[in-house]
Amino acid sequence: MSTLAYDGTALLGRQLRRIRNNPGLLILTQTTPITMLLFFGYVFGSAVAMPGTEYRAFLVPGLLAATASGGIMTGMFQAAQDTHRGVTDRLRTLPVSRAAVPLGQAAADLVVTAAGLIPFLLVALAVGWRFEGTALDALAALTLLLLFRLACTWVGILLGLASRNEEAAGQLGSVTFVLPLLSSAYIPTENLTGWLRALAEWNPISALTTALRDLSGTAPVPTDAAWPVTHPVAGTLVWSAVLVALTAPLAIRRYTRG
Amino acid sequence: MRGLDLAVAEGTVCGLLGPNGAGKTTAVRLLTTLLRPDGGSARVAGYDLVREPARIRRRIGVTGQDSSVDGDLTGRQNLSLFARLHRLRDPGGRGAELLERFGLTEAADRPVSTYSGGMRRRLDLAASLVRRPEILFLDEPTTGLDPASRNQIWDAVRELTAQGTTVLLTTQYLEEADQLADDIALVDRGRVAHTGAPRELKALIGSEAEVVVAHADALPGAAAVLDRLTGSAPAFDHDRAAVRAVTRDTTLTLPRLVRELDAAGVPLLDASLRPPTLNDVFLRLTAGPLDDKEHAA
């Protein structure tokens, strides 16, 4: 296990150095939620029934959850890049613990995600969102957010390792952009038609969004909704656990077998 | 793979030569633990491929056809990462040493994505040598490189074998195999068709004698002489008024060929006795040519 920690740390360092050398992608992924907050908040905000400030505050937890789900895209993109540029092959011929490479990638992603929260939350405060929970609520919200991000990253790593080429991974990655559209991240789900509403409420992003809205005091937990939404903390934990349990072993297996 | 039997002596270079799709790259991927064999057995550096892959990984270096260094990292960062993963005490120091050795010191702190093809390949080779490997696998290490970069890679390989490293080289360039390899294994359709030193393989084919005469009427006379000297059936090229025959007789020289033809009254215009190239060997002993670009393996 100590080899895993050692190799994982070395590979975490690799990912962070890559980002430092080539910050373009990082800047893009970090500024996207801010742009969306401003765009949705002021453009869509003027068209929805909620008052503007209220809609922007409603959006903040949703965008946090949507950004967390972007772990699928970044995880897939990086794993596909490594696989199709030969880096994965080089690492697999080295005496490196098999799980260390995907683990290092996932760990680096968590560091970057956590750091990216700061500018986003500053902008969120500037447009009128307030965190009204306790310090414990904040810690719980952060934990749920990072846990869900980690789960999404594993899904992405598996898809990236299995991808046929970098372009295919890029195309599939852009599809993940629609996932938050079918959740409560940007809109209240109560008014959706039956099957669409069920789909949106069972979307893991909705569970996290509801949990974050509840913990931050933005909006209460709905009472009439699917189980992951009426029990958002448990719902997020279960969804994250299920995603990790399904994809992490497969990703490591895929990595080992080549 | 249909049964590729291969034994390589320590400290030598074995060239794996074969048409595309013959299984060279598959062989390298199997032996470097990148692929799991579904049958058969192999020992690399004395360890069993299936049961002890981790021990093998500590003792090998691999440079594949495609660059396998991280383009977003600098040359220096790449090498120290690999040195760290190899558990070297001074990863930075070893990296600097290799950068110097491969003439990359000046570019050391630039991202690899800005390197030229030759620089990338040199860094790739350096990355395979971070911990001096017992066995170095080179899968078409100079494909697409300019002659200067190619020579640098060749020099590095010679230096390594002088220090006792065993090299398994696959290549499309027969000249490369001729220059570097102590032994050559011709691979065809997943199995080894022939093995031997380049000289032995060439002897297997024999030299080709070609005679050009003044007019086609003189061809039978010339053919009779060639037949007697080479002991093989001559082939005619009526358009060029030429006749060719293959000989494995190493005592046959060009002056003797010319004298005998002259003595027989053949109106000789041109004569040549050409030792075979590895290309001839290759074409004769395997099913396909080397130079189509598909990589089915």
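## About the model

Because the model is predicted, local features are given only at pLDDT of at least 70 and side-chain atom pairs count only at pLDDT 80 or more, while totals for chains, interfaces and linings use all residues. Residues are numbered from 1 along each chain as its sequence is written, and chains are lettered from A, with ligands numbered from 1, in the order in which they are written.

## Where the chains meet

Let's begin with the interface. On the chain B side, 27 residues are in contact with 19 residues of chain A (contact means that the C-beta atoms, placed from the backbone, lie within 7 Å). Three elements of chain B give two or more residues to this side: α2 (53-57), β4 (60-63) and α3 (75-85). Helices here are DSSP runs of H or I with at least four residues, and strands are runs of E with at least two, numbered from the N terminus. The most comes from α3(B), with five residues.

By residue type, the chain B side splits into eleven nonpolar, nine polar and seven charged residues. In this scheme Ala, Val, Leu, Ile, Met, Phe, Trp, Tyr, Cys and Pro count as nonpolar, Asp, Glu, Lys and Arg as charged, and the others, Gly among them, as polar.

## The six-stranded sheet of chain B

Chain B has an open sheet of six strands in the order β4-β5-β6-β1-β7-β8, with mixed pairing (strands pair if DSSP finds at least two bridges between them). Its edge strands are β4 and β8 (191-196) of chain B, each of which pairs on one side only. On average, neighbouring strands are turned by 15 degrees against each other, direction ignored.

Strand β1(B) pairs in the parallel sense with β6(B) over five bridges, and B:Leu17 has B:Thr171 as its bridge partner there. With β7(B), β1(B) also pairs in the parallel sense, over four bridges; B:Leu16 stands opposite B:Ala185. The pairing of β7 (residues 183-188) of chain B with β8(B) is antiparallel, over five bridges, and here B:Val187 faces B:Val192.

## Around strand β1(B)

Five of the five residues of β1(B) are buried, so the strand is largely enclosed by the rest of the structure. Buried means 20 or more other C-beta atoms within 10 Å of a residue's own, exposed means 12 or fewer, and partly exposed is in between, with C-beta atoms placed from the backbone. Both faces are covered, with B:Val13, B:Gly15 and B:Leu17 on one side and B:Cys14 and B:Leu16 on the other.

Helix α6 (residues 147-162) of chain B lies across β1 (13-17), β5 (135-139) and β6 (166-171) of chain B, at about 150 degrees to β6(B). Axes are lines fitted to C-alpha atoms, for helices over the stretch in contact, and angles run from 0 to 180 degrees between N-to-C directions.

In chain A, the twelve residues of α10 (residues 204-215) should span 16 Å at 1.5 Å a residue, and the end C-alpha atoms are 17 Å apart, which agrees (the expected span is 1.5 Å times one less than the number of residues). Twelve of the twelve residues of α10(A) are buried. Just after this helix, A:Gly217 takes a positive phi of about 75 degrees.

One residue of α10(A), the buried A:Leu208, is among those with the most contacts inside the largest nonpolar core, together with A:Trp154, B:Ala126 and B:Leu169. That core has 114 residues (a core is a set of buried Ala, Val, Leu, Ile, Met, Phe, Trp, Tyr and Cys residues joined through C-beta atoms within 7 Å). Its largest share, 14 residues, comes from helix α7 (residues 135-162) of chain A. Apart from it lies another core of 17 residues, including B:Ala218 and B:Leu261.

## Two loop residues to look at

B:Thr33 has a positive phi of about 70 degrees although it is not a glycine. This residue sits in the loop between α1 (24-31) and β2 (43-44) of chain B, and B:Thr33 is buried, with 21 other C-beta atoms within 10 Å.

B:Ala241, also not a glycine, has a positive phi of about 50 degrees. B:Ala241 is in the loop between β10 (235-237) and β11 (242-247) of chain B and counts as buried, with 20 C-beta neighbours inside 10 Å.

Technical notes. Two residues are in contact if their C-beta atoms, placed from the backbone, lie within 7 Å.
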